[in-house]
Amino acid sequence: MWKRVYQTYHRTNFHGTQSVDWACMCLSSPIPGQKQAPAVGHCNGSCSLDRNGNRSSTSVPNGGELKHRTHATDATQNLIKDEENLGYKEENAVYKENALEQQKLLQEQDQKLKDAEQEEEEEYKPQIRWPDLGAQAFLHIGALYGLYQLFYANFYTFLWVVVTVWVSGIGITAGAHRLWSHKSYTASLPLRILLAFAFSIAGQRDAYTWALDHRIHHKFSETDADPHNAKRGFFFAHVGWLFLTPHPKVVAKRKVIDMSDLEADAVCMFQRKYYIPLFALCSIILPVAVPWYFWNEDLWMSFWINFNMRFTWTLNVAFFVNSVAHMYGNKPYDRNLMSTEAPIVSLLAMGEGWHNYHHVFPWDYKTGEFGNYSLNITTGFIDFCAWLGLAKGRKSVSPDMVLRRARKCGDGTRFLDDEFAHKDQVWGFGDKDIPREDIVELAKMQN
Ligand SMILES: [Zn+2]
Ligand SMILES: [Zn+2]
């Protein structure tokens, strides 16, 4: 209250000066430290007016008819009160005005944003591509029938499924992904031919097209330009994106991503050019005919098992990286991304589930921080090829780089060697590992 009066005084320039302070006010206001205000007529003597209310020689430069506050009339005091109230009202009015203006501005911005979004939505209405939906339905329904047939199949047929899944898997992970999409190492001609062949067994389009979409996915993750934008939901990220018309931004980005390195790769371009016959030969005829020719597996049975079931299995494992590993799990390296660390996906996808790390350091040929081959078979394969002299120039990330990024952006789950880590965990009060400073503080807190 008193402070309030002082402020009003200051503003209304009662003393005719802007440098008025508590000590020179002499209005019945308390001097800081005093509970009571000085009695009227008892100036503390430090103001620029003398005890009779006359201006001293060193007083107010502006001149004018001044009155000592202690001799102020009731009318003046009422004026102060009025001004005080007026001040409040003025301030409130200004505040309200500002708030209203700001609110109006925010509403306008919101409306503009909504209009823009609506325009974009009106522009882009995803359409179902029926042939692609039909292909997915055929693959998945046929895969279920193939799974049923597997119970009656020769045991060698089962082993053949495992072999083809692994070989085609390496074609995806070590080939289309780590080599052609990310250039995380360089491969000799024989290795590239082997990887192109393995990738053709997988049947997931040609490596050039796969790498193009994957580069866009990394460059524009979780935006409209991301071909399997996880923000559009699990189903879309998993499979929906393959039978819906792409967002115009995806189409636009496909034209601008630099693919010159792959255009200069003869193996990659050969696989692209002859993709359809290669698909027929490597993804259908070879997997289906081998069991029939070598151990007399029923051809009908072999088709549903070795084409539909095998194909759909690798397809869904790859889909898990786009759906599960973009939705569930920790984010030790960058919490701002949607991609996560998903060990189960790593197990199934031969090391591709360390996806938070991979999106932060996409050039690392390991696609994960730790060199544990058990959940990263692909890294073991590339290291083996390097040992054979078929692969070289493996790019990686220094521990310092990882640590810096994890500290800066991580969600705190990569705590093992963080200096702020809760390293020495304790079971409760009485554990001898309780830190010394905690013990001292605890002792003080005890009653
Ligand atoms: Zn990638
Ligand atoms: Zn991703």
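What covers the buried residues of α8? I will come back to that after an overview. Please keep in mind that this is a predicted model.

The protein has 18 helices and two strands. Of its 447 residues, 33% are buried. Now take the contacts with a separation of 6 or more: 63% of them are between residues 24 or more positions apart.

Back to α8, then. This helix covers residues 234-243, and its buried residues are A237, H238, V239 and W241. Viewed down the helix axis, they fall within an arc of 150 degrees, so they line one face of α8. An α-helix has 3.6 residues a turn, so residues three or four places apart point the same way. As for the cover over the buried residues of α8, it includes α4, residues 130-150, and also α13.

Next, the nonpolar cores. The largest one has 43 residues, and L195, F199, A207 and V345 have the most contacts inside it. Several helices give two or more residues to this core, among them α5 at 155-181, α7 at 207-219, α12 at 275-295 and α13 at 299-322. The helix that gives the most is α6, with eight residues. Apart from this core lies another, of 13 residues, which include A153, F303, F307 and M309.

Let us stay with α6. It has 14 residues, and from first C-alpha to last it reaches 20 Å, close to the 20 Å expected at 1.5 Å a residue. How many of the 14 residues of α6 are buried? The count is 10, so the helix is largely enclosed by the rest of the structure. Among the buried ones are L191, L194, L195, F199 and I201, but also R192 and S200. Just after α6 comes G203, which takes a positive phi of about 70 degrees.

Setting aside neighbours within four places in sequence, L195 is in contact with G171, A174, G175, L179 and A187.

Last, the database record. An unreviewed UniProt entry lists residues 157-176, 274-295 and 307-328 under "transmembrane region". In the model, residues 157-176 are 100% helix and 0% strand, with the end C-alpha atoms 27 Å apart. Over residues 307-328 the chain is 73% helix and 0% strand, and there the end C-alpha atoms are 30 Å apart.

That is what I have for today.

Key
Residues are numbered from 1 along each chain as its sequence is written. Chains are lettered from A and ligands numbered from 1 in the order in which they are written. This is a predicted model: local features need pLDDT of at least 70, side-chain atom pairs count only at pLDDT 80 or more; totals for chains, interfaces and linings use all residues. A nonpolar core is a set of buried Ala, Val, Leu, Ile, Met, Phe, Trp, Tyr and Cys residues joined through C-beta atoms within 7 Å. A residue is buried if 20 or more other C-beta atoms lie within 10 Å of its own, exposed if 12 or fewer, and partly exposed in between; C-beta atoms are placed from the backbone. Helices (H or I, at least four residues) and strands (E, at least two) are DSSP runs, numbered from the N terminus. Two residues are in contact if their C-beta atoms, placed from the backbone, lie within 7 Å. UniProt positions are given in the numbering used here, feature names are shortened, and annotations may be inferred rather than shown by experiment. The arc is that of the directions from the helix axis to the C-beta atoms. The expected span of a helix is 1.5 Å times one less than its number of residues.
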